[in-house]
Protein chains: 2
Amino acid sequence: MKTAEFEVLLKASAAAVGDYLDDTLSSNQLVAGTPHHLLNAMRHGVLNGGKRLRPFLVCETAKLFGGDPKAAMQVALAIECIHSYSLVHDDLPAMDDDDLRRGKPTVHKAFDEATAILAGDALLTLSFGLVAAVEALSAETRVKLVILMSKRAGAPGMVGGQVLDMQAKEKRRSEIEITRMQAMKTGALISCCCEAGALIASASDDDRTRMRRYGENVGIAFQLADDILDEYGDAEVVGKALRKDRGQGKQTLALIYGKRALEDRLAALITGAEELLQPFGERGEVLAEAARFVSVRKQ
Amino acid sequence: MKTAEFEVLLKASAAAVGDYLDDTLSSNQLVAGTPHHLLNAMRHGVLNGGKRLRPFLVCETAKLFGGDPKAAMQVALAIECIHSYSLVHDDLPAMDDDDLRRGKPTVHKAFDEATAILAGDALLTLSFGLVAAVEALSAETRVKLVILMSKRAGAPGMVGGQVLDMQAKEKRRSEIEITRMQAMKTGALISCCCEAGALIASASDDDRTRMRRYGENVGIAFQLADDILDEYGDAEVVGKALRKDRGQGKQTLALIYGKRALEDRLAALITGAEELLQPFGERGEVLAEAARFVSVRKQ
């Protein structure tokens, strides 16, 4: 699959995900009775024109194993709500203190801090209800998905990684510590998407593990590409201020390795992802391209 | 049942809940691998010597219908994690800005704001995993519990109520608006406990509705008793600063009604709760006393 072809696919998927999220955040029974102010803040946090990479991974992994596309989309929307809540909270003044996201005011800027905290809380709470309510899946599968999401998005996963990232500003970290932090902060939710896709399709335990590993590779590659971009990117092409990590005292592997070593590492992660997909032959091509895509982002 | 007898029962339950929460927040597999700093903050937020009224209601309601006590306790712990996270976030500077809770520094004071936000997020995320992992319940029941908790704790429930409460500071609210806000902010999670107890025991839909209504009455009574205490209580007996609501611009029914009318209202709520329990005769006595207990608190 060519990159251009993949990008068309991803864009179409992102548009569909955006529409479904819009529907969910206006008419799903789990939000019926929500105060308007809160619902507006939740919508602001979610309907931001993101690439929707995580939902794409859920749907494509489910498709690889013949899972129900509608069920996969519902789980994908739930995980995107988790991703969105994490961005709303990460942007808060007490965390990364960002005023803009994708050129638009962050939730605490468009509303206020209290509303942003509560909108994040509401999105996180909603996500578990959404997964528990996917009628096309057995109750057993839904329960497994809730447990998986709780672990990967929670204390031993994404939230834990964010705590390590905040702490990292205070003292110099080793390569192992930085890698662990990034695997938790970014890798955990991305690998959750891929494992969830396998679960939705009732794939074998082996395939579930394989897709989790694929997701871990993609997650770490995603973060590494981000770090390289921040350190060596062209601000005009990227469209945002760069060298922010150093300025904020954030520790990335770019503090330890030079450009060449970082790019070699990235290439190894992609090769690893491709190898994990080999058993699926051509059917694994979209996901292989997804792994390459996250690592060659110019913005 | 006499009040003194009830208090002994509630205290014994609170001690057991505290011990189980301590176990959960040190050795449950859902927190395995959590960074120490985060786990300490989560423990600080949860292990605070609360009355554990919500877990008590889950367990007693489940008992009323012959539910499995161990399963009820596990669900009770999950809901207490939700209650604890809500306190951690409510105490934040952007919300109620409280430095102390039960005489101890709040989480953002003992740690920092970012850690408090993330510890709250982690507790909320954990709670859904805990409920999904209750092995003694069928997957169908676990799924129903997750959906129930998502609604009651989320945008149309507790979080929505907190948003309305924050907004209430800005303009004068009507009695209906104040009652709606309190029913969502305090009533939704308390009624969730009672409905969850009925669900755990596979009670009939009628009994489930009955217990939800009982819980709604208890929740509103709880909040009303709090408002009366804040307006008319003796600061020395209560052990904390009073008349805070007025000072913070919070709107309660104490701004609309005098003491006598508020107490009549409270009495009517208790009578309502007692009537809902009548079909259970003596077996409903503990829960009837719980309704009376929340309304006669002196501190």
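**Exercise 1.** Describe how the side chains of A:Glu285 and A:Arg292 meet, and how accessible each residue is.

*Solution.* The two side chains form a salt bridge at 3.1 Å, N to O, where the term stands for a side-chain nitrogen of Lys or Arg within 4 Å of a carboxyl oxygen of Asp or Glu. A:Glu285 is partly exposed at a relative accessible area of 28%, and A:Arg292 is partly exposed at 24%; buried means under 20% relative accessible area, exposed over 50%, and partly exposed in between (1.4 Å probe, protein chains only). Through shared partners, salt bridges join A:Glu274, A:Glu285, A:Glu289 and A:Arg292 into one network.

This is a predicted model, in which local features need pLDDT of at least 70 and side-chain atom pairs count only at pLDDT 80 or more, while totals for chains, interfaces and linings use all residues. Residues are numbered from 1 along each chain as its sequence is written, chains are lettered from A and ligands numbered from 1 in the order in which they are written, and side-chain values use heavy atoms, with hydrogens and water left out.

**Exercise 2.** Are A:Arg52 and A:Glu80 buried or exposed?

*Solution.* The side chains of A:Arg52 and A:Glu80 meet in a salt bridge of 3.0 Å, N to O, and both residues are buried.
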